[in-house]
Amino acid sequence: EIVRKLGIDAGKITVVHLGPGQISRMAAVPAGCGPEGHGINAPYITAFAGGGNPHKNLARLLSAFLKICSDHEEKLVLIGRIPRRIRQQRILDHPKIITLGHLPSAEIGPLIAGSRLFVVQSTYEGFGMPVLEAQSLGVPVACSAIPALQEVAGHSAAFFDPFSIEQIAETLHDCLRDPELRRCLLRAGGQNVSRFSWERAAAQTMAVYRTALGKGSSGVSQEAADLAEVAR
């Protein structure tokens, strides 16, 4: 997109992947921070509501969930601010839809960790950190088949067309009815998240600075040296 829209030479662009976010499994969950502290009983699936950002695609996720919820015992737990246009609809009155609003980071990790499936329904993303956060917490992921999420998740997620309510519903249904599929996604997610780290992101960024300053080239050996310098 940078090349196409801004006319920048592709040779001057280096992609550095981020690491997982700060949401991680906690050794000791503070009282009231787990699902039970919010009155949530397993099983359930989780997703971020996305606030007022249309690309977070919450309306389609809700419609898809309502199509399959009568066939499954899982509830849908939404973390974050719900858009006003959706709050004004009766859809949130459904007993299997739980909205929690904005939560401190310390409460988000335990909630995601306790879920059966984590869903990322966005129609556009710059990276897709929630995918890695869920996988680092040991939760299988279903997400949109958009370039950023496909690049970050690789083959470790169940993908769907975010513009198709039918496809979202079908993917959720398949993941919820098939424990072996979830186990496969869980194993693949654990392998996938190991590809990303903030140390590597820092080292690769430093390597770009070095190259720009004419102080060496990026590569495996230089990256190892940069990792050592970051560690120091």
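Author: What follows is a short tour of a predicted model, starting with the overall picture.

Reader: How many helices and strands are there, and what share of the residues is buried?

Author: The secondary structure comes to 10 helices and 6 strands, and buried residues make up 44% of the 232 residues in the protein. As for the contacts with a separation of 6 or more, residues 24 or more positions apart account for 66% of them.

Reader: Let's take helix 2. Which of its residues are buried?

Author: Helix 2 runs over residues 58-68, and its buried residues are Leu-58, Leu-61, Leu-62, Ala-64, Phe-65 and Ile-68. Seen down the helix axis, these buried residues fall within an arc of 165°, so they line one face of helix 2.

Reader: Zoom in on Ala-64, then. Is it buried or exposed, and what does it touch?

Author: Ala-64, which has its place in helix 2, is buried, with a relative accessible area of 0%. Not counting residues up to four places away in sequence, Ala-64 touches Ile-165, Ile-168 and Ala-169. Ala-64 and Ile-165 are 101 residues apart in sequence, yet their C-alpha atoms are 5.2 Å apart in space.

Reader: Okay, cavities. How many of 30 Å³ or more turn up in a search of the whole structure?

Author: The search finds 1 cavity of 30 Å³ or more, and about 30 Å³ of space lies in the largest cavity. Asn-57 comes back here, as one of the lining residues, which also include Ala-49, Gly-51, Leu-58, Pro-83 and Arg-85.

Reader: And the largest pocket, how much space lies in it?

Author: About 540 Å³ of space lies in the largest pocket. Of the 18 residues that line this pocket, the closest to its centre are Glu-1, Val-15, Gly-126, Ala-148 and Glu-151. Helix 1 (2-6) and helix 6 are the elements that give two or more residues to the lining, and the largest share, 4 residues, comes from helix 6.

Reader: Switching to helix 8: how far apart are its end C-alpha atoms?

Author: They are 21 Å apart, which agrees with the 21 Å that the 15 residues of helix 8 (residues 179-193) should span at 1.5 Å a residue.

Reader: Which of its residues are buried, and where do they sit around the axis?

Author: In helix 8, Arg-182, Leu-185, Ala-188, Gly-189, Asn-192 and Val-193 are buried. They cover an arc of only 130° around the axis, which puts them on the same side of helix 8. What they pack against is helix 5 (129-136), strand 5 (141-144), helix 6 (147-153), strand 6 (158-160) and helix 7.

Reader: What caps the N-terminal end of helix 8?

Author: Asp-178 does, through a side-chain oxygen that lies 3.1 Å from the backbone nitrogen of Glu-180.

Reader: Last one: helix 5, what's buried there and what covers it?

Author: The buried residues of helix 5 are Val-131, Leu-132, Glu-133, Ala-134 and Gln-135, and what covers them includes strand 1, helix 4 (105-113), strand 4, strand 5, helix 6 and helix 8. Just after helix 5, Gly-138 takes a positive phi of about 80°.

Methods:
Residues are numbered from 1 along each chain as its sequence is written. This is a predicted model: local features need pLDDT of at least 70, side-chain atom pairs count only at pLDDT 80 or more; totals for chains, interfaces and linings use all residues. Side-chain values use heavy atoms; hydrogens and water are left out. Buried means under 20% relative accessible area, exposed over 50%, partly exposed in between (1.4 Å probe, protein chains only). The arc is that of the directions from the helix axis to the C-beta atoms. The expected span of a helix is 1.5 Å times one less than its number of residues. Contact means heavy atoms within 4.5 Å. A polar contact is a pair of N or O atoms within 3.5 Å; within protein, one must be able to donate a hydrogen and the other to accept it, and residues adjacent in sequence count only if both atoms are side-chain atoms. On a 1 Å grid over the protein atoms alone, a cavity is a set of points where a 1.4 Å probe fits but cannot get out, and a pocket is an open set with protein on both sides within 12 Å along at least five of seven lines; lining residues have an atom within 4 Å of a point. Grid points are joined across faces, edges and corners, and a volume is the space filled by probe spheres set on the points.
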